[in-house]
Amino acid sequence: MNSIGDALDENCEPNQEYWEGISNILINCEYHQTANAKISAFDELKVFSINVRSLTKNIDHFREEVNFYNKFDVLCLNETNCIPDNLPNKTDDLLLDGFYEPLVQIPARRSGKGGGLAIYINKRVCAHEKIECLNLELDPADKSAEFQAIKIHNCKGFNRTKVIVNFYRSPSHEVNKFINQLEYVLRKLERHSRKHILFFGDANIDLIKYDTDSASQNLIDILSKHGFVQTVSRPT
């Protein structure tokens, strides 16, 4: 991720040589078991993304394994099924040692089930006041997908601001509507094009079927159109 982001600077315009460089990065990408993860270095931004299937039911697990999760700089959780206002102690019930209070976006569904997003920022990443939530100005009536975006200023080890987008699409929602909403989000982020932007989430689209599946092709194509590269090439 860092190598790809660092490949684009103020004086670099994407061309064939640029894309070939990114291709080489992806070809040489190494995959590791999460159990073997090491704490991020000063010049790394290590992100852990997972469909948590209820944050409140799994918060005890995160606390018990906090030494493992503290190896990461950012935790992006989707399908949290969590409405903090319904908890006895609000967001205090979701606190995790070593991380700032989570940024929680409630599920799009009124039931509070089958959606919801949360981002935890490790305290070593930046000062708390350097974390900014971005308003993507999405239509609240559109339930086809959920997007959450934050900006990290003065991110550790980097000169650039980082923008992190966390998203979720329920498999019961129409894929084409999700793709349309994704393109809207990508257009909204165009003014941040000189920043490092990273997308994490669960689209419930099987990219391994790219050769035969139109939804996979449309997802990759729309991301590529806006300068993004899919970095995961194996089943997760």
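Trainee: Is Lys188 buried, exposed or partly exposed?

Mentor: The model is a predicted one. In it, Lys188 has a relative accessible area of 27%, and buried would require under 20%, so Lys188 counts as partly exposed.

Trainee: Which side chain does Lys188 meet in a salt bridge?

Mentor: The general idea comes before the case. Side chains of opposite charge can pair when their charged atoms come close. Here the partner of Lys188 is Glu137, with 2.5 Å from N to O. Lys188 belongs to helix H5 (residues 175-188), whereas Glu137 sits in the loop between E5 and E6, so this pair ties together parts that are 51 residues apart in sequence. Glu137 is partly exposed, with a relative accessible area of 49%.

Trainee: How many salt bridges are there by this rule?

Mentor: The count is five. Another of them is formed by Asp73 and Lys156, at 3.6 Å from N to O. Asp73 is in the loop between helix H4 (66-69) and strand E2 (74-78), and Lys156 is in the loop between strand E6 (146-152) and strand E7 (162-168); the pair therefore ties together parts 83 residues apart in sequence.

Trainee: Are Asp73 and Lys156 buried or exposed?

Mentor: Both Asp73 and Lys156 are buried.

Trainee: Where does the pair Glu132 and Lys151 lie?

Mentor: The two side chains form a salt bridge at 3.9 Å, N to O. Glu132 is in strand E5 (residues 131-134) and Lys151 in strand E6, so the chain positions must be read with care: the pair links distant parts of the chain, 19 residues apart. Their accessibilities are read one by one. Glu132 is partly exposed at 32% relative accessibility, while Lys151 is buried at 9%.

Trainee: Let us turn to a helix. Which residues of H6 are buried?

Mentor: Start with the span. Helix H6 (residues 214-225) has twelve residues and reaches 16 Å from its first C-alpha to its last, close to the 16 Å expected at 1.5 Å a residue. Its buried residues are Ala215, Ser216, Leu219, Ile220, Ile222 and Leu223. Viewed down the axis of H6, the buried residues fall within an arc of 165 degrees, so they line one face of the helix.

Trainee: What do the buried residues of H6 pack against?

Mentor: They pack against H5, the helix that holds Lys188.

Trainee: What follows H6?

Mentor: Gly227 follows H6, and its phi is positive, near 90 degrees.

How values were computed
Residues are numbered from 1 along each chain as its sequence is written. This is a predicted model: local features need pLDDT of at least 70, side-chain atom pairs count only at pLDDT 80 or more; totals for chains, interfaces and linings use all residues. Side-chain values use heavy atoms; hydrogens and water are left out. A salt bridge is a side-chain nitrogen of Lys or Arg within 4 Å of a carboxyl oxygen of Asp or Glu. Helices (H or I, at least four residues) and strands (E, at least two) are DSSP runs, numbered from the N terminus. Buried means under 20% relative accessible area, exposed over 50%, partly exposed in between (1.4 Å probe, protein chains only). The expected span of a helix is 1.5 Å times one less than its number of residues. The arc is that of the directions from the helix axis to the C-beta atoms. Contact means heavy atoms within 4.5 Å.
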